[in-house]
Each structure stands twice: as structure tokens, then as C-alpha cells.
Amino acid sequence: MKTKLHIFKEVAYHLSFTKAAEHLFLSQPAISKTIRLLEDEYKSTFFLRKRNSIELTEDGKVFLIYTKKILKLYAELDNQFLSLEDEKPTHITFGVSTTLANYIVPKIIAKFRKHSPQTNFIAKSGNSKEVETLIVNQQIDFGIIEGERTNYQLQFKKFIKDEIVLVTNSRNTDFKNGVISKDDLTKIPLIERELGSGTRQIIYNKLQDLNINKLNIQVVLNSTEAIKNYLYYSDSYAFVSINAVHEDLLNNKLKVIDIKDISFERWFYFVSRTGFQSKIMNYFEKLITSNYNF
């Protein structure tokens, strides 16, 4: 029954048999069959099938509420009586904020899977607020994010410290000594991340503390990769994680501009719902920490 409910939950969240199959490493016919069996068993219809989409019926919405409660109890039961010391999990699903998803976590997982290929990973990425929402809504149980610890529904545990740096195209001839003042910072053309980005929030909190209330924002983009690709063809500036531009600095595509008397540091955090406990989560945290190249 636990497996059936887990399949139902995935279909309900994605509203797609295909996406649920991809995330669960199952065939679409197997997913469809499981939903039909559940509907037969409970003498109800949980999904309205349309030509190119599905949606939850009222019974389906109620069934999802019970499903989440039951799966939470199953997780507590497994955590109480099952051990992962002798057997590695076959699937780990987690959330990860954009910077980590692009530049840190893939390397860690690739390194781990060389020695433990039996473990499959599903990383659901987005900006920090989006990952927090997934966890609060029980679509995932845990993850790693950047940003501030502001959500009382979540518990945070430090992972690694990161530095946010100001970068520009390496061919940019302004500020030849590589240093700018606070006044310069308010005038230079800046590219920034979207609202909800942990990087953006850290920057604005720091600037507010320094009584800097206005920047010359020219473009807003929703990923660090998009920002870097913009900077390759522009003399604009942007704040990004030092982890995101390591290769660009080595290859002389971008350069760091220091801001006199100002630095931006933050932590990446393991995050889960407040009070949530899980051996799989503990295993995941140890896996990430032990395979990170400090």
C-alpha cells in the first residue's frame, strides 16, 4: 500500500502520469495501472482524464490529504525500526537551490555514484523560496538551499560557507585597479537574480545594513547561468557565488571586482520541516558532507 500511495502522491503533484513515471523510474503503464487499482479499491475516481492533461477530482483532493498523513506515518515507522547502516537506499529525492544544483551537488553525486551506482537521485531544483515551498507542502522531505533562515516551519543545519562576489567581463576596462567604492556600486549597471533567489536576498539584506537603498538594475534573470552568459557579451556587473564562476575566472572570461570595505558571505543549509526526522535524510547529509571536496 505504501508504494501505491507514493505513486498516487507523485501523480497528484505533477498532474501527469508521464512525469510521475520519470521521477519514480517506473513505466507509464505501471503508473496508470496503480491509479486504476486504487480507484477500484476505493470505489471512486481520483483523476479526470482529458485529452492532454489530468486533474484531481474532489475525491482525489481528499484522498491526497489522507495520503500525505499516511505516508508521514510510514516515514516515522521506517525511521524508528529500519536501519540504513547495512543497505544503501535505492532512491533519494531532495530539493536543491539553483546555485547548488548547477555547480556543487552534481559533482558530489557523480563522485558518490562511482562507488555506489545502485543509488538513484532525483534533484528538484528551483530558487530557495521554491524549494522551501516544496518541503513545507510535503512534496519533498529535505534539501539544500542558500539564503536566510526565515521560515519557522523549517529547520536548518549548516553545510558550507559561500562567498558572493561582484563580477564583470574580463575585457571590461573600467576600474583598472579592480576595486570600487560604495558610491560606485550604486551607479554601475547591474544584472540581478529574480525575486525569491537566496543570493538576491543575501545581497539586499547586506546593502540595507549599509544604508544602500538603490542600485542601477538593468536586467533581471532567473539563473546564474543566464547572468553569466549575459556578462560574456556586456560590460555590466552581477553578484554571483564564487562557486559559480570558478571556471570562468580560470579561463579569463570573467573577473572579480572588489568593493572597498564590503564583503558578502553566506551559508548553504541542509533544510527540512521542523521536527522532521529520517534515516534517509541523515544518510543524505553524511553522503553530501563526506563527498564534498573541502
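1. In this predicted model, the side chain of Glu39 comes to 3.3 Å from the backbone nitrogen of Phe47. Glu39 belongs to helix 3, which covers residues 28-41. Setting aside residues up to four places away in sequence, the contacts of Glu39 are Ser44, Thr45, Phe46, Phe47 and Arg49. Glu39 is classed as buried because its relative accessible area is 8%, against a cut-off of under 20%.

2. Beyond its neighbours within four places in sequence, Glu10 contacts Ala20, His23, Leu24 and Lys124. Between the C-alpha atoms of Glu10 and Ile144 there are 21 Å, with 134 residues separating the two along the chain.

3. Where are nonpolar residues gathered? The largest nonpolar core comprises 26 residues, and those with the most contacts inside it are Phe94, Leu100, Ile104, Ile144, Phe159, Phe284 and Ile288. Two or more residues each come from strand 3 (91-97), helix 5 (98-103), helix 6 (105-113), strand 5 (142-146), strand 6 (154-169), strand 12 (264-273) and helix 12 (279-291). Which element gives the most to this core? That element is helix 12, with 5 residues. In soluble globular proteins, nonpolar side chains tend to be buried together.

4. Not counting residues up to four places away in sequence, Ile144 touches Gly95, Val96, Ser97, Leu100, Val105, Phe159, Tyr269, Phe270, Val271, Phe284 and Ile288. There is also a second, separate core, made of 19 residues, with Ile7, Leu24, Phe46 and Leu64 among them.

5. Gln138 sits in the loop between helix 7 (128-136) and strand 5. With residues up to four places away in sequence left out, Gln138 is in contact with Lys9, Tyr13, Lys68 and Arg273. Asn252 has a positive phi, near 60°, and is a residue other than glycine; its loop runs between helix 11 (246-250) and strand 11 (254-259). Asn252 counts as exposed because its relative accessibility is 55%, the cut-off being over 50%. Asp261, likewise not a glycine, has a positive phi of about 65° and lies in the loop between strand 11 and strand 12. With a relative accessible area of 75%, Asp261 is exposed.

6. Some values describe the chain as a whole. The protein chain contains 12 helices and 12 strands, and its C-alpha atoms fill a box of roughly 70 × 45 × 35 Å along the principal axes. Of its 294 residues, 46% are buried. Among contacts between residues at least 6 apart in sequence, 76% join residues at least 24 apart.

7. The surface and charges complete the note. The accessible surface comes to about 16,200 Å², and carbon and sulfur atoms account for 49% of it. There are 41 positive and 34 negative side chains, and the centres of the two sets are 2 Å apart.

Note on methods: Residues are numbered from 1 along each chain as its sequence is written. This is a predicted model: local features need pLDDT of at least 70, side-chain atom pairs count only at pLDDT 80 or more; totals for chains, interfaces and linings use all residues. Side-chain values use heavy atoms; hydrogens and water are left out. Helices (H or I, at least four residues) and strands (E, at least two) are DSSP runs, numbered from the N terminus. Buried means under 20% relative accessible area, exposed over 50%, partly exposed in between (1.4 Å probe, protein chains only). Contact means heavy atoms within 4.5 Å. Accessible areas come from the Shrake-Rupley method with a 1.4 Å probe; for residues, only the protein chains shown count as cover. Lys and Arg count as positive and Asp and Glu as negative; His and the chain ends are not counted. The place of a charge is taken as NZ of Lys, CZ of Arg, CG of Asp or CD of Glu. A nonpolar core is a set of buried Ala, Val, Leu, Ile, Met, Phe, Trp, Tyr and Cys residues joined through side-chain atoms within 4.5 Å. A polar contact is a pair of N or O atoms within 3.5 Å; within protein, one must be able to donate a hydrogen and the other to accept it, and residues adjacent in sequence count only if both atoms are side-chain atoms.
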